[in-house]
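Reader: I'm new to this one. Can you walk me through it in short steps?

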Amino acid sequence: MKVEIDKDWGELLKLEFEKGYFQELTKFVKEEYSTNTCFPPGNKIFEAFNLCSLNNLKVVIIGQDPYHGKNQAHGLCFSVNEGIKHPPSLINIFKEIETDLNIPYPKSGNLERWAKQGVLLLNATLTVRAHNAGSHQKKGWEKFTDVVISKISEEKENVVFLLWGGYAKKKGLRIDSNKHCILTAGHPSPLSANRGYWFGNKHFSKVNDYLTANGLSKIEW
């Protein structure tokens, strides 16, 4: 696994890439990609960092695993490639935006447009074997993304963290709530959303209210 990552992120995480656990993780990922079909494509593993520069970072959304179906994952959590059917969680995200901000439901499920505005769409685990959810968990990715969150908390100010579901909320323990905004809700998956833990959270308008209150430009959701 070649770490192809934006220069500023690379500088921030340089020491992490040299650690033993990351070397082991690299070995594991290389082996998996050479012997199995894995997602996202190898050159998109660090896409979340490459599309959202450290300097431009305003919002962090934490997912769990990349999608494991063909042509879905491209390195951004909850996002799918152009022309791909929207997965259930993404449908519920768009529905909440629709009611919160009165924005029409979009045709494309590709969230690159968010990333380029400063939204880091970070999965806790950055790779997965095809049709095998969670197959690359507990190999080192979680440790790496914990460090990413800690570093953002330390180095930046006034970042909005969106923690959806129990897994993301645990990651939130690494965030300094005195200098950042943390918004929590249930996961947008149908199981959680249909039980009343997702819809009506108004996170998207709350993000923009916080950003403008701190002199930052809104996200065009």
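Author: Start with helix H4. H4 has 14 residues, which at 1.5 Å a residue should span 20 Å, and its end C-alpha atoms are 20 Å apart, so the two agree. The expected span is 1.5 Å times one less than the number of residues. Helices (H or I, at least four residues) and strands (E, at least two) are DSSP runs, numbered from the N terminus.

Reader: What kind of model is this, and how are residues numbered?

Author: This is a predicted model: local features need pLDDT of at least 70, side-chain atom pairs count only at pLDDT 80 or more, and totals for chains, interfaces and linings use all residues. Residues are numbered from 1 along each chain as its sequence is written, and side-chain values use heavy atoms, with hydrogens and water left out.

Reader: Back to H4. Which of its residues are buried?

Author: Ser 89, Leu 90, Asn 92, Ile 93, Phe 94, Glu 96, Ile 97 and Asp 100. Buried means under 20% relative accessible area, exposed over 50%, partly exposed in between (1.4 Å probe, protein chains only).

Reader: What covers the buried residues of H4?

Author: The cover includes helix H5 (112–115), strand S5 (160–164), helix H8 (190–193) and helix H9.

Reader: At what angle do H4 and H9 pack?

Author: About 60 degrees, with the axes 8 Å apart. H4 covers residues 88–101 and H9 covers 203–213. Axes are lines fitted to C-alpha atoms, for helices over the stretch in contact, and angles run from 0 to 180 degrees between N-to-C directions. The pair is therefore oblique. For reference, under 35 degrees is roughly parallel, over 145 roughly antiparallel, 65 to 115 roughly perpendicular, and the rest oblique.

Reader: Which residues make the contact?

Author: H4 gives Ile 93, Glu 96, Ile 97, Asp 100 and Leu 101, and H9 gives His 203, Phe 204 and Ser 205. Contact means heavy atoms within 4.5 Å. These residues divide into four nonpolar, two polar and two charged.

Reader: What comes just after H4?

Author: Asn 102, with a positive phi of about 60 degrees. Most residues other than glycine have a negative phi, and most peptide bonds are trans.

Reader: Which other residues have a positive phi?

Author: Phe 78 has a phi near 70 degrees, and Asn 158 one near 55 degrees. Phe 78 sits in the loop between strand S2 (59–63) and H4. Asn 158 is in the loop between H6 and S5.

Reader: Are those two buried or exposed?

Author: Phe 78 is buried, at 10% relative accessible area. Asn 158 counts as partly exposed, at 23%.

Reader: Where is there a cis peptide bond?

Author: Between Phe 39 and Pro 40, with omega about -10 degrees. Pro 40 lies in the loop between strand S1 (38–39) and helix H3 (47–51).

Reader: New topic. How many residues are in the largest nonpolar core?

Author: It has 68 residues. Those with the most contacts inside it are Trp 9, Phe 49, Trp 114, Leu 120 and Phe 144. Helix H6 (residues 141–155) gives the largest share, six residues. A nonpolar core here is a set of buried Ala, Val, Leu, Ile, Met, Phe, Trp, Tyr and Cys residues joined through side-chain atoms within 4.5 Å.

Reader: How many residues of H6 are buried?

Author: Eleven of the 15, so H6 is largely enclosed by the rest of the structure. Among them are Trp 141, Phe 144, Val 147 and Ile 152. H6 reaches 21 Å from its first C-alpha to its last, close to the 21 Å expected.

Reader: What does Phe 144 touch?

Author: Leaving out residues up to four places away in sequence, Phe 144 touches Leu 13, Glu 16, Phe 17, Tyr 21, Phe 22, Phe 46, Phe 49 and Leu 126.

Reader: Where does Glu 16 lie?

Author: In helix H1 (residues 7–17). Glu 16 counts as buried, at 6% relative accessibility. Glu 16 and Phe 144 are 128 residues apart along the chain, and their C-alpha atoms are separated by 7.3 Å. Beyond four places in sequence, Glu 16 is in contact with Tyr 21, Phe 22, Phe 144 and Val 147.

Reader: And Val 3, where is that found?

Author: In the segment before H1. Val 3 is partly exposed, at 28% relative accessible area. Leaving aside neighbours within four places in sequence, Val 3 is in contact with Phe 17, Phe 22 and Phe 46.

Methods
Ala, Val, Leu, Ile, Met, Phe, Trp, Tyr, Cys and Pro count as nonpolar, Asp, Glu, Lys and Arg as charged, and the others, Gly among them, as polar.
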